[in-house]
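Work through the exercises below with the sequence and the model open. Each task is followed by a solution in steps.

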Amino acid sequence: VSFGTQQALSAEQAASVADALARSSAAFVWAARVGTAVPDGFEAATASRGLVIRGWAPQVEVLRHRAVGWFLTHCGWNSVLEAAAAGVAMLAWPMGADQFTDARLLAEAGVAVPVAEGADAVPDAGRMAAAIAAAVGKEGQTVRERAAELGRLAAAAVAEGGSSHRDLEEFV
């Protein structure tokens with residue numbers, strides 16, 4: 001779970017995310033930006049299956065870990081590229097600018113599921129918990145497989161002889 005460096009969740013939004021994570025029973029890592037008020041007691045209550053990192057986290061390394069299956073994200077371009085390259089499916093909560101288009105395109109490509117929209121949105125924790133639980137369960141298998149395939153395609157494109165590698169070589 002990460003909403004980038006530009007967006008701190010309000011207390012209400014953070015409480016909704018925390019409640020959803022608690023209800024979902026899913027394992028998680030939440031990179032909570034400075035200024036995000038993680039509810040008191042949340043970390044202790046979920047310590048057996050979750051970790052809250054306050055401030056910066058090594059997102060690329062986390063996304064590439066084999067245990068990561070989903071990424072609750074604001075759909076900022078860097079986060080989208082990092083998740084796609086890692087082959088990780090996304091739970092999309094776009095908050096501003098190009099993020100709305102990014103989220104729509106990811107959903108159309110079959111690698112993301114929308115869970116909320118807008119910087120001021122306070123998602124229903126029950127619905128978000130159900131979406132998280134479905135994503136990590138059998139219902140999310142098709143999206144996870146499509147995301148993994150996208151990750152393989154991205155790796156092939158930048159490898160020597162791949163389309164992106166060739167295009168860069170031709171440009172240079």
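**Exercise 1. A pair in helix α7**

Task: In this predicted model, explain how R152 and E149 are placed along helix α7, and state what their side chains form.

Solution. 
Step 1. R152 and E149 are 3 residues apart in helix α7, so about one helical turn separates them.
Step 2. Their side chains meet in a salt bridge, with an N to O distance of 3.0 Å.
Step 3. E149 has a relative accessible area of 29%.

**Exercise 2. Other salt bridges within helices**

Task: How many salt bridges does a search of the whole structure find? Describe the one between D19 and R23 and the one between R104 and E108.

Solution. 
Step 1. The search of the whole structure gives 4 salt bridges.
Step 2. D19 and R23 are joined by a salt bridge of 3.1 Å, N to O. These two residues are 4 apart in helix α1, so they are separated by about one helical turn. D19 is partly exposed, at 29% relative accessible area.
Step 3. R104 and E108 form a salt bridge of 3.2 Å, N to O. Both belong to helix α5, where they are 4 residues apart, about one turn of the helix.
Step 4. Assign the exposure of this second pair. R104, at 45% relative accessible area, is partly exposed. E108 has 58%, and the cut-off for exposed is over 50%, so E108 is exposed.

**Exercise 3. The nonpolar core**

Task: Which residues have the most contacts inside the largest nonpolar core, and which element gives the most to it?

Solution. 
Step 1. The largest nonpolar core contains 42 residues, and V17, W30 and W93 have the most contacts inside it.
Step 2. At least two residues of this core come from each of α1, β1, β3, α4, β4, α5, α6 and α7.
Step 3. Helix α1 gives the most, with 5 residues.

**Exercise 4. Surface patches**

Task: Which residues form a negative patch, and which form a nonpolar patch on the surface?

Solution. 
Step 1. The negative surface patch consists of E160, D167, E169 and E170. One of these residues, D167, is in helix α8, which spans residues 163-171.
Step 2. The nonpolar surface patch consists of L168, F171 and V172, which together have about 410 Å² of accessible area.
Step 3. V172 belongs to the segment after α8. V172 counts as exposed, at 80% relative accessibility.

Key. Residues are numbered from 1 along each chain as its sequence is written. This is a predicted model: local features need pLDDT of at least 70, side-chain atom pairs count only at pLDDT 80 or more; totals for chains, interfaces and linings use all residues. Side-chain values use heavy atoms; hydrogens and water are left out. Patches are made of residues with over 30% relative accessible area and no salt bridge: like charges are joined within 9 Å, nonpolar side chains (Val, Leu, Ile, Met, Phe, Trp, Tyr) within 5 Å. Accessible areas come from the Shrake-Rupley method with a 1.4 Å probe; for residues, only the protein chains shown count as cover. Lys and Arg count as positive and Asp and Glu as negative; His and the chain ends are not counted. The place of a charge is taken as NZ of Lys, CZ of Arg, CG of Asp or CD of Glu. A nonpolar core is a set of buried Ala, Val, Leu, Ile, Met, Phe, Trp, Tyr and Cys residues joined through side-chain atoms within 4.5 Å. Buried means under 20% relative accessible area, exposed over 50%, partly exposed in between (1.4 Å probe, protein chains only).
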